[in-house]
Amino acid sequence: SFKAQELSNVAWAFATFGVVNVRLFKTVTEHVAARVGDFEPQHLSNLAWSFATLRIHHASSLRGIVRAAATKRASLAPQAIANLIWALVAL
């Protein structure tokens, strides 16, 4: 089982290098769906940015990310908010 930060970091790294690995992102989406509440605001922002950067359209994961971010809005940094908004617009 992966920790939230580990999933976020792996997704970010793949997106940074422009590597689309369908199997990896399928696993990430499964973990996100099951444990989205465990993710810190930065993890949520990184995940949304990663999906959008790689043009991975997974609506249920993005909905979960946005819902979780909304519940943690008081602790979202401005950059995290910007990344979330950009990801939603980009997809």
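Now the ground rules. This is a predicted model, where local features need pLDDT of at least 70, side-chain atom pairs need pLDDT 80 or more, and totals for chains, interfaces and linings use all residues. Numbering runs from 1 along each chain as its sequence is written, and side-chain values use heavy atoms, without hydrogens or water.

Next, the fold. The protein chain has five helices and zero strands. Helices here are DSSP runs of H or I with at least four residues, strands are E runs of at least two, and numbering goes from the N terminus. In sequence order the pattern reads α-α-α-α-α.

Overall dimensions. The C-alpha atoms fill a box of roughly 35 × 30 × 20 Å along the principal axes. The radius of gyration is 12 Å, which agrees with the value near 12 Å for a compact globule of 91 residues. That radius is taken over C-alpha atoms, and the globule rule is 2.2 Å times the number of residues to the power 0.38.

Accessible surface comes to about 5300 Å², with 60% belonging to carbon and sulfur atoms. The areas are Shrake-Rupley values with a 1.4 Å probe, and for residues only the protein chains shown count as cover. Of the 91 residues, 40% are buried; buried means under 20% relative accessible area, exposed over 50%, and partly exposed in between.

Contacts. Take those with a separation of 6 or more: 73% join residues 24 or more positions apart. A contact means heavy atoms within 4.5 Å.

What about aromatic pairs? There is one. The ring centres of Phe25 and Phe51 are 5.7 Å apart and the planes sit at 85°, so this is an edge-to-face pair. The cut-offs: centres of Phe, Tyr or Trp rings (six-membered ring for Trp) within 6.5 Å, with planes under 30 degrees stacked, over 60 edge-to-face, and the rest tilted. Phe25 is in helix α2 (residues 22-35) and Phe51 in helix α3 (residues 41-53), so the pair ties together parts 26 residues apart in sequence. Phe25 is buried at 3% relative accessibility. Phe51 is buried too, at 0%.

Last stop, His43, in helix α3. Buried or exposed? His43 is buried, at 12% relative accessible area. Beyond its neighbours within four places in sequence, His43 contacts Ala4, Gln5 and Ser8.

How values were computed: Buried < 20%, exposed > 50% of the residue type's maximum accessible area, 1.4 Å probe, protein only.
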